[in-house]
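Thanks for making time this morning.

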Amino acid sequence: MDRDIIRELTTDGRMSITQVAENVHISRAHAYSRIARLTGEGVLTKFTALVDPIKAGLRSSAYVTLKVQQHSWRELKEQLRAIPEIHHIALVGGDFDVILLVRATDNIHLRRVIFDQLQSMDGILDTQTFLVFEDVDTR
């Protein structure tokens, strides 16, 4: 039941509790209590809008991988969170340590973020940039 509710809210975060209840075939009160519990337990962390980056003026995107000094991750994570052009941060295993989704208004703006901000940060040893030509949100 919880997965069904999560699926409904992932499809449309503005869906009313009444509509969620109808779609998953439970009472409105039951849907309300489950959503409240999922929110209280931190399963549902926030309700947000899904934005089309191109229509929002963010015409240039890239995945940027970072190799970092391992002891610098906690401090580095907070610095990365402060950069508004970074839309996603993931600590990963493999040939690099971190992958970022960076969105900018154009390639000049993207270049400034990567070269002037990211590459100048203490703790970042190396970066690699993969330009995004088209992206599809599957949610």
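Predicted model: local features only at pLDDT ≥ 70, side-chain atom pairs only at ≥ 80, totals over all residues.

Residues are numbered from 1 along each chain as its sequence is written, and side-chain values use heavy atoms, with hydrogens and water left out.

The largest pocket has a volume of about 1200 Å³, a volume being the space filled by probe spheres set on grid points that are joined across faces, edges and corners. A pocket here is an open set of points on a 1 Å grid over the protein atoms alone, with protein on both sides within 12 Å along at least five of seven lines, and lining residues have an atom within 4 Å of a point. Of its 36 lining residues, Ala49, Leu50, Val51, Asp137 and Arg139 are the closest to the centre.

The second largest pocket holds about 240 Å³ of space, and its lining includes Trp73, Lys77 and His88. The largest share of that lining, 6 residues, comes from strand E2, strands being DSSP runs of at least two residues and helices of at least four, numbered from the N terminus.

Finally, Arg37 lies in helix H3, residues 28–40. Arg37 is partly exposed, at a relative accessible area of 32%, where partly exposed falls between buried, under 20%, and exposed, over 50%, with a 1.4 Å probe and protein chains only.

Terms used. 1 Å grid on protein atoms, 1.4 Å probe; cavity = no way out; pocket = protein on both sides within 12 Å on 5 of 7 lines; lining within 4 Å.
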